[in-house]
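Here are my notes for anyone opening this one for the first time. Have the sequence and the 3D view side by side as you read.

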Amino acid sequence: MTLDRKPTVIARTVTRLVVPMILVTAIALLLQGHNLPGGGFIAGVLTVTAFALVYIIYGLDYLETELLDRTPAVRYETESGIVREYGRVFASGLAVAAGSGVAAMVLGYPFLTQAVAFLEHLPVYGELEVASALVFDLGVYAVVVGALLTILAEVGAE
Amino acid sequence: MQPDRFVVLAVVTLPFLGAALTPLVHRVLGERTAYFAAAVAAGSLALVGSLFGTYGTVVVPWIPNYGVSLAFYVDGLALLIGTLASGVGVLVFIYSGGYMHGEPGQAKYYATLLAFMGSMLGVAFAADLIALFVFWELTSVSSFLLIGHYQNAAASRYAARKSMLITVAGGLFMLVGFLLLAVVAAGVPEVDSAFRLAGEGSIIAAAEPMVESMRTQGLFVPVLLLVGVGAATKSAQVPFHIWLPNAMEAPTPVSAFLHSATMVKAGVYLVGRVRPLLLTDEWTLVFGVLGLVTMTVTAILAVAASDIKELLAYSTASHLGLIVAGYGMTEYLGAETGGFHILNHALFKAALFLVAGIVAHEAGTRAIDELGGLANDLPITAAVTAVAALGMAGLPPFNGFYSKEFLFHAVYETAGHFVSHGGSPLWWLLPVVAVFGSVFTFLYSIRFLMLFFGDKPDALGEVHAPPLAMTLPAVVLGGLALVVGLGGVAGTVGVHFTPLESFVGSVIESSVAATGEEGGHHGFSYYLPTEVTPWLVMSTVTIGVGAVTYPFFDRIRDGVRAVRSVDFLRPNWYYDGATEGLDRSSAIDLVQTGHLRTYALALSLALAGLALSAYAAAGVALPTIAYAGLEPALVVVLGVAVIGALAVTAAPSHVSGVLTLSILGFMVAIFYILGSAPDLALTQLVVETLVLVIFLLVLDKLPAFYGTIDRVRAARDAVVAGAVGLTVAVTVLLSTAGTPDDVVAQYFVENSGVPAEHGPTFVDGGGGGNIVNVILVDFRAFDTLGEISVVAMAALSVSTLVAMRERGEHQ
């Protein structure tokens, strides 16, 4: 996917500015999903678009060389490298989602029963609603991010 | 005494648990996993042993809506098969520890073998038709894996496929028979649970009204034949016996375990199990003839064998035929023959297989012609062989003699019974065929024994003594066979070996119809004949003719081989012809082109055709559509979307096509915004963007331009696309037009928000303002869990496919 030409300065600069914004928006969508538009799935897909932008503009190896400060693994070597880590992300996401259901069973409710708790008198927030569904949503988010990034990295590497 | 619920369930689950743990254990123990597996089998054996003396049903609900349960039934027959599966299992695992030394794939081998043992125990104890079928097929699957253990050998793969095709196809016949039984049982008031095969209020307990009901509905003969096909394929009855000799490609312990002592017994077990239900004149005709023909034909084929395992394989089929024939006979004696010979055959045949493994292992060849005079090098093995082979030949006082006497007795009495009740004198063929087949049994048994005597061929190198792990199991089995044989000698002088006789008696009870069988219910005992009877004469003739003709063994063998080589007499010729013909035929090429477009075409057309014809058949009318009151903004957005769709067809390249297509996607997103569905709109926008990116990445690899399209294909594609579009449009119209009274949406609206009065925590409501998300993560969280599993699986498949291609693999 590395382009023949280097992307323009405009594209590179805009990407630098936009990617953090996308990520913050994605996290906001994830957290507010219970009461306002958003949720784990949409937040996950949005996060992946941020990564896609980085991949397209800066190339596949950028994340590993610049951010993680290490030499990228040999291409096609799926046994190691960042693809493997993406795999861990979706695997743990699946575990979190299923685990949140099992937790309900441990407490004596049917599988995947969700609960809501209200915390009162917090600084800044005042009253805050905490939904156990957020844990499940976090699992969904991780699965979507991990899986789509795996696909993106694999297909991109082609 | 009622069996303990926990013990019965543990019997079936323990081997599966062991199988699941095997890969981990193998990492720690390596080749010594054999002893772990033997310990699991010993645990099962102990559990089965603790069930002795109990009798009854244990039920665990499984699919209560359909009345299907995991019901287990404990009685003599179930205990016999269970004891064989776990007992022979212990010995085979110990033996494997020596035999499989240095072989590849041991973790897989032991895991599969343990899983097989669990399935076989399931078959033995299952009292529910569906549960029985499931365990039955599980044994077929594990047998497939074990036969194909050497997966790089073409012969192994061929053998595994063949056994799978034949036994699983037979299993499907049996399933149909079971379902017919359940359908009939549902209409019989005496049956409490339509799928319950044995136990109180079951199909077999209500045998008489069941048979009556089947007869009035004309289902008796179909059920009999369908169940018969299932049993015949599993137990390698003629003409389905052909998979068994090939199955000898498996490692020898597997042959001893699955293909002589247990799995092939599943078929005769089924025959013995349903015998009280289906025993009639038709039953005798079908199973009597099937059994005797199998016994004779495969005994003759065993004489022609050139390999010791091949000989034993045919001989196994032959003895299974003997058991089936026994169960086929009407008298109490018939059940005696079947039940007792299951035990005897398992003992001597498993011992002989282990002997064959020792011979192959130590002498380095399995060819009959290359072996001889092994007794000097393998004295213990020779002694075991003598006991087992003479039992197989039916020579007194070895164990096979008694059950063969029962067979002769049963066949003689049955033939006499039918002829005296006005039947055709052709019934007298039964005893004649029984004797004729037994002569060949005698011949090949002696031939096997003679491997250990006579001159040792010069070509045969040095023969080492086998390891203890291999000798011991064979000695145990041979010793048990000897004990059973000597029990008969003791019985003659009035000393009865009571535990054995009462156990065999309880096995026989399982196969005896509850009412009115001639011969009555007497305790089981066996002993050497003390007076001259027709069946003693039959035995004497068998042994006499066998002894006289044995010197001409080679000429008989060559004669049989000449007959066997005629193509149209060989079931294998038909099997190979059918499978190879199917492989080569152009019909397959037409359907399986290997092109994605062909499959997509067939799938789309079939879907459209089925859906549209279903609508037509249901006679639904298209709802009228009200165009009035449509917002202008919606019209504009959808208009642009349609234009975008049309423009795709005119796009000159892939890239422009995909870009044009995304116009459609973004218009749909705007449509969602206008329709006050912000969640959907957000998702649609982001997904559309991401899909566009991935599309462009993939398209990079494809040719930039479409090239010219030939008109016929374009027309064909247009028709398919039109049909699919029409189907979707009609479906949308129909499904949105329906307004059911009980709307689930109402429930979601009421329950997803925060209730007006609530404590600091609550679990019964969603407690969220965003209904869509509350449905996703709370009300329908199970669905979502399934969906994210699919997403994860998709990612895994992409990784795997890419990795496979990089390693140069195709497909």
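Which residue of β3(B) is the bridge partner of A:Ala117? Point 2 has the reply.

1. Ground rules. This is a predicted model, where local features need pLDDT of at least 70 and side-chain atom pairs count only at pLDDT 80 or more, while totals for chains, interfaces and linings use all residues. Residues are numbered from 1 along each chain as its sequence is written, chains are lettered from A and ligands numbered from 1 in the order in which they are written, and side-chain values use heavy atoms, with hydrogens and water left out. Helices (H or I, at least four residues) and strands (E, at least two) are DSSP runs, numbered from the N terminus.

2. The strand that crosses over. The partner of A:Ala117 is B:Thr761, in β3(B). That bridge belongs to an antiparallel pairing of strand β1 (residues 116–122) of chain A with β3(B), over two bridges. Two strands count as paired if DSSP finds at least two bridges between them. As background, strands of a sheet pair through backbone hydrogen bonds, either parallel or antiparallel.

3. The sheet it belongs to. Three strands make an open sheet in the order β2(A)-β1(A)-β3(B), with antiparallel pairing. Its edges are β2 (126–131) of chain A and β3 of chain B, each of which pairs on one side only. Within chain A, five bridges hold β1(A) and β2(A) together in the antiparallel sense, and one of the pairs is A:Phe118 with A:Glu129 in β2(A). These two strands form a hairpin with three residues between them, and A:Val124 in the turn has a positive phi of about 65°.

4. Chain A overall. There are five helices and two strands here, running α-α-α-α-β-β-α from the N terminus. The C-alpha trace of chain A spans about 55 × 35 × 25 Å along its principal axes.

5. The interface. Taking contact as heavy atoms within 4.5 Å, 46 residues of chain B touch 48 residues of chain A. The two chains bury about 4000 Å² between them, 75% of it on carbon and sulfur atoms; buried area is the accessible area (1.4 Å probe) that two parts lose on being put together, summed over both. B:Leu690, B:Val777 and B:Ile788 supply 14% of what chain B buries against chain A, more than any other three residues.

6. Who does the touching. On the chain B side, α27 (678–699), β3 (761–762), α30 (771–779) and α31 (781–806) each give at least two residues. The largest share, 16 residues, comes from α31(B). By class, that side has 27 nonpolar, 14 polar and five charged residues.

7. Strand β1 (residues 56–63) of chain B runs antiparallel to β2(B), joined by seven bridges, with B:Gly56 partnered by B:Val74. Four residues lie between the strands of this hairpin, where B:Gly67 takes a positive phi near 70°. B:Phe72 forms a tilted aromatic pair with B:Phe135, 6.3 Å centre to centre and 45° between the planes. B:Phe72 lies in strand β2 (residues 68–74) of chain B and B:Phe135 in helix α5 (residues 129–147), so the pair ties together parts that are 63 residues apart in sequence. Rings of Phe, Tyr and Trp (its six-membered ring) pair if their centres lie within 6.5 Å; planes under 30 degrees apart count as stacked, over 60 as edge-to-face and the rest as tilted.

8. Most residues other than glycine have a negative phi, and most peptide bonds are trans. In the loop between α8 (220–234) and α9 (243–246) of chain B sits B:Pro239, and the peptide bond from B:Val238 to B:Pro239 is cis, with omega near 5°. B:Ala236 is found in the loop between α8 and α9 too, with a positive phi of about 55° although it is not a glycine.

Key
Ala, Val, Leu, Ile, Met, Phe, Trp, Tyr, Cys and Pro count as nonpolar, Asp, Glu, Lys and Arg as charged, and the others, Gly among them, as polar.
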